[in-house]
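Hi,

Here is the structure I promised to pass on. My notes on charges and rings follow below it.

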Amino acid sequence: RLCELLDNASRGWRKLAELAGAEKRFKCSTEELEMCSLKVLEPRGSPTQCLLQLLAERDCTLRYLLGCLERMGHEQACQVLSSAVQDVIRIIVQPDSQVVAEGTQVSLTCCATGPPGLAYQWFCGRQEVPGATSPELVIDTATPAGQPEWYICRVNCGATFTFSRWAHVQVEKSSSPSSASGYCSTMVGLQILQQPRPCCLAEGDTLVLECRAIGNPPPQYQWFRNRRPVEGAQAPQFQVKLVTTAERGSYSCRVFNLFHEVWSQEVDVEIGEGPRQTSVTPYLLCSQARVSHCVTTPPSPVLAATDKVALLIGNMHYLHHKQLQAPIVDVHALGALLRQLDFKVVSLLDLRKAEMQMAVDEFLLLLDKGVYAGLLYYAGHGYENFGNSFMVPIDAPSAYTSEHCLCVQWVLREMQQRRTGLNIFLLDMCRKRNLNDDIIPQVGALEVTANIVFGYATCADAEAYELSQGELSNGIFVTFLKRWLLEDEKITVLLDKVAEDMGTLEITRGRQALELRSNLSERRALTDPICLPGQDESSARNLQWAKAHVLPESQHLCFDCGVAVQLGFAAEFSNIMIIYTRVVAAPKDIIKCEARLTDIPEELDVDLKCTNKESPEELGSPLVAIWSLGCPSCCLYSRICGLQKLQQELAFTVCLQYCYQGMDDFVEERQRVNVGRPLIAKLNLQ
């Protein structure tokens, strides 16, 4: 339908191309416009369809296309586009269900984005609320207490519409006993009506804690266990099915809105280890008697860490084997979570055998007797023979054996010699038998310690899978691991929960299941706090770690013509860096100007298709939305991979091309730039 409307000479596709070209990356060349116009010679050819295809390939958004059609004044085309695409209207603020006191007013809000002219209509049940045609609905509470009313909002633009979620308003009598129990007279505008209650449960029971409040704006909730926030627990009711002793502790709920904050009372939850009680009377007696018995139980000692370090390796682009998609996303997600837990993280992508060996050697330098936890995560191809696991580097030959790979048990033996307090291996790889390898490697005897945890993404002689989600892929293991990683749990308990979650995924049931091996005797957790040691003890280790995270400083280059160019840097991983150039000043008589990178060292993995791009999205990295937040606009971006291969300092040329007013030819100036050894290159892994 759009093609029918725009395939004409007056106010059609050529005007659309002109307006879309206001943003440089959507501008079509003369040859491309000629290619579009020649489509009329084909039996079913359409210049508009050809133009839309060009815009789509350059990641033109629907919102931008609608804006161009609006500037054209083509109302019919705007209407066709907005009505044809159902998801053009998106609700960004949903109305919240509320419990309110009798005699007060309550406000429900629904906000949406979409094409111009969005209209709102509120409903109570199936009936329209007269005059309720704005994003905010203010209602009084004339409804009798105890009878909730259900509200919903419709947002439409022409024939296109969508509905918000339902919100119910429950009216409570202000004199009800529940409101008196938690009312704080100093917290005007936010009142707790129902407080959580202490409880004593047996393993396998369901834990239910509830905190209800009223307020305007509507209250929000965050549950805490042992004064730490519980991830995902942001509803009035907190529920855990099939509890274990790991759930015992003190719980409270933070209730807040835009103007106020109030905390519920802190209650203790005790989880017994005996058989589940089916009689009601013993359960009630335990709940009442726990004040004199359970509180006197001394708490478990909190183990403190002097340091926590992690090496994350993701191999994707194999030279002789199937390419993988998930490691880039998994390594980045895991690294971000571990940094929240105060881990020192080195994250590397696509390593050859020698580079993997050197990376592990540098990792071992970060470990000593004072280090609490050493964590190694690997995502890539792998195999297991005779009880030994092997990580496959990207340069492994098609018929690889143990001599081409890195043995996990060898790494463990080296870690034991460093006397690390906790050794964690998370291996996100296949564990099939390698029929090309019948050698039993001699890695040496392992010491008898009680501090080793292995988390395998799959069982022995089984495969590990990736989960495709649009343009991104996650490994099954990390998809579930990142839900639990920040939990204050013993590491083995945490991995047990990951295993339970993985078992609920239908598509891999019977094909992939997490396997946990551990001899851990103490309650050690990734969340254990760090107690800083003396400066002499940690300074060398901190310096070694800091080396792998130093970016070159941003600098300004001044050219003879008077143009000033900013050169900036961002890190995607410890061995992948983004370089961007931006023209920050130019004389008035220079009308066109851009600065490009050239002469990048050949030993680096640099795809010319990923250099000098006008937008971060064109670099093809799924992590653009994260690292590009700190980058300025109107830049040219280049992605430099494989920094561990640098044999000398990183030097390249900035080529400035500019055009004076009234001239067609471009003038070129060049400057050579040396930025030293950035990120992992400082460790000389070569």
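Tryptophan 263 comes out as partly exposed, at 40% relative accessibility (partly exposed sits between buried, under 20% relative accessible area, and exposed, over 50%, with a 1.4 Å probe and protein chains only). Bear in mind that this is a predicted model, where local features need pLDDT of at least 70 and side-chain atom pairs count only at pLDDT 80 or more, while totals for chains, interfaces and linings use all residues. Residues are numbered from 1 along each chain as its sequence is written, and side-chain values use heavy atoms, with hydrogens and water left out.

On to the rings: the structure has twelve aromatic pairs (rings of Phe, Tyr and Trp, the last by its six-membered ring, with centres within 6.5 Å; planes under 30 degrees apart are stacked, over 60 edge-to-face, the rest tilted). One of them is tilted and joins phenylalanine 224 to tryptophan 263, 4.9 Å centre to centre with 50° between the planes. Phenylalanine 224 sits in strand β15 (residues 220-225) and tryptophan 263 in strand β19 (residues 261-263), so this pair ties together parts 39 residues apart in sequence (strands are DSSP runs of E, at least two residues; helices are runs of H or I, at least four; both are numbered from the N terminus). Phenylalanine 224 is buried, at 12%.

Phenylalanine 238 and tyrosine 251 make another tilted pair, at 5.7 Å centre to centre and 35° between the planes. Phenylalanine 238 is buried at 7% relative accessibility, and tyrosine 251 is buried at 0%. Elsewhere, ring pairs link Phe123, Phe161 and Phe163 into a cluster.

Now the charges. How many salt bridges does the structure hold? There are 21 (a side-chain nitrogen of Lys or Arg within 4 Å of a carboxyl oxygen of Asp or Glu). Among them, arginine 517 meets glutamate 515 at 2.9 Å, N to O. Aspartate 599 and arginine 670 form one at 3.7 Å, N to O. Aspartate 599 is in the loop between β35 and α15, and arginine 670 is in strand β38 (residues 667-674), so the pair ties together parts 71 residues apart in sequence. Aspartate 599 is partly exposed at 47%, as is arginine 670 at 48%. Salt bridges with shared partners also join Arg225, Glu247, Glu487, Glu489 and Lys497 into one network.

Within helix α2 (residues 13-20), glutamate 18 and lysine 15 are three residues apart, about one turn, and their side chains form a salt bridge at 4.0 Å, N to O.

Cheers
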